[in-house]
Amino acid sequence: MNYTEAKEFLSAASARGSILGLERVKELLALLGQPQEKVKIIHVAGTNGKGSFGAMLTSVLTEAGYKTGGFSSPAITDITDSYRINCNEITKERFAEIIGIIAPVCEKMAEKPTEFEIMAAAAYVLFAEEECDAAVVECGMGGDTDATNVMEKPVLSVITNVQSDHCGFLGNTIGEIAVHKSGIIKHGCPAYFGDTAPDALKVVKAKADEMSAPLTIADDSEISDARYSLGEIGFRWHDAEYSIPLCGSYQVKNALNVLNCVEILNGNGFNISDTALKNGLMKTKWHGRFEILRREPLVIFDGAHNPDGIRFAADTISRYFSGKSAILIGVMADKEYGLYADMLGKFIDKAFTVKPDNLRALDSDVLANVFLENGIPAQSFEVLKNGVNAAYSYAKEKNIPLIALGSLYMYREFVEALHE
């Protein structure tokens, strides 16, 4: 199987949509020899911060000398971007090899697995074949019924936070959503919760107690002297200095979660030195999170797409910029997009709305009307490339920053249009 054939196989599977339940992926993995049980897994759920947390922790583990796998979704550039070994994206040839192993097994199943179930299984096959010492695996959505939630004994279960998102699938309250997220906690296995929201914390604590899982909870007061710049963020933790090459103000919290989780891992058989921890954090690379793509004019992309993410993006914008910016935004239709004009309005000189390339994407005219109804100049574009070109030209002419917000599904097309 070549790369084109592998993508066509996944495309055919995507026609089956999303189907709840773990029966298919568990059957598939059993037929593949249970690869998920051959690697030490750090399993990560949470509404926001999963990708950044995973990128930082993968970098730290790699720096400590462990061969480390990484799985995240959605893919930011190409589908291979979801799979990493020692922080490096796998090749198209390697991806095709892995799907070539899985495809004939899928065809033997009475009920065929979905696209994401195949992708999750591919991650576990890859990590087992590569003989990884550890792997950081990110949930796609929720936790309990997510296709990644198939290992018996993760070395650590991490819930970064619980906020409102995917309400149609996960519930309308923080407590209901927390039930799904806490479903990754396994019996007797260490767990970490990076949030302090009372409704979520109550649920997570109850699940940890039920599973006799040692639970560590984040303490934001451990971080001090945070220093922000459009290049890196520095801070103190336990009287030591650390820095990360990421600009979003929310990354301090993600770094705190990593620091705490390294302590847990060191208490469970890992040996991660302070030097590896500092160097790993500083070498972290991650696309689409308040990422600077150009300097003149300043162009930034941030994958904020739900209310909590938009709130964090607004905080970061206010930290770095005193004037207004051109904002390009595109989101999925299931988001609470009606809130975004109020959350972002004071930062916007003009909004450019686009429709990401996804079946669930919100129509750009609908999003533009949200801003217009709140007295914010806005223009919609049916073709994303046209929106990028218009927004960039506008920002350049007015000498103001262009900040792109919204779904990571539009990252690749945004970058391609920007560099044409």
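Start with the three strands that form an open sheet, ordered β9-β10-β11, with antiparallel pairing. Select its edge strands, β9 (223-228) and β11 (240-244); each pairs on one side only. From one strand to the next, the twist averages 20°. Strands here are DSSP E runs of at least two residues, and helices are H or I runs of at least four, numbered from the N terminus. Two strands pair if DSSP finds at least two bridges between them.

This is a predicted model: local features need pLDDT of at least 70, side-chain atom pairs count only at pLDDT 80 or more, and totals for chains, interfaces and linings use all residues. Residues are numbered from 1 along each chain as its sequence is written, and side-chain values use heavy atoms, without hydrogens and water.

Next, select β10 (residues 233-237). Five bridges pair β10 with β11 in the antiparallel sense. Find G234: S243 in β11 stands opposite.

Now move to E291, in strand β12 (residues 291-295). What does its side chain touch? A polar contact of 3.1 Å links the E291 side chain to that of H287. A polar contact is a pair of N or O atoms within 3.5 Å; within protein, one must be able to donate a hydrogen and the other to accept it, and residues adjacent in sequence count only if both atoms are side-chain atoms. Select G288 too: its backbone nitrogen lies 2.8 Å from a polar side-chain atom of E291.

Finally, show V299, I300, F301 and Y411. E291 is in contact with these, leaving aside neighbours within four places in sequence. Contact means heavy atoms within 4.5 Å.

Notes: Axes fitted to C-alpha atoms, helices over the stretch in contact; angles between N-to-C directions.
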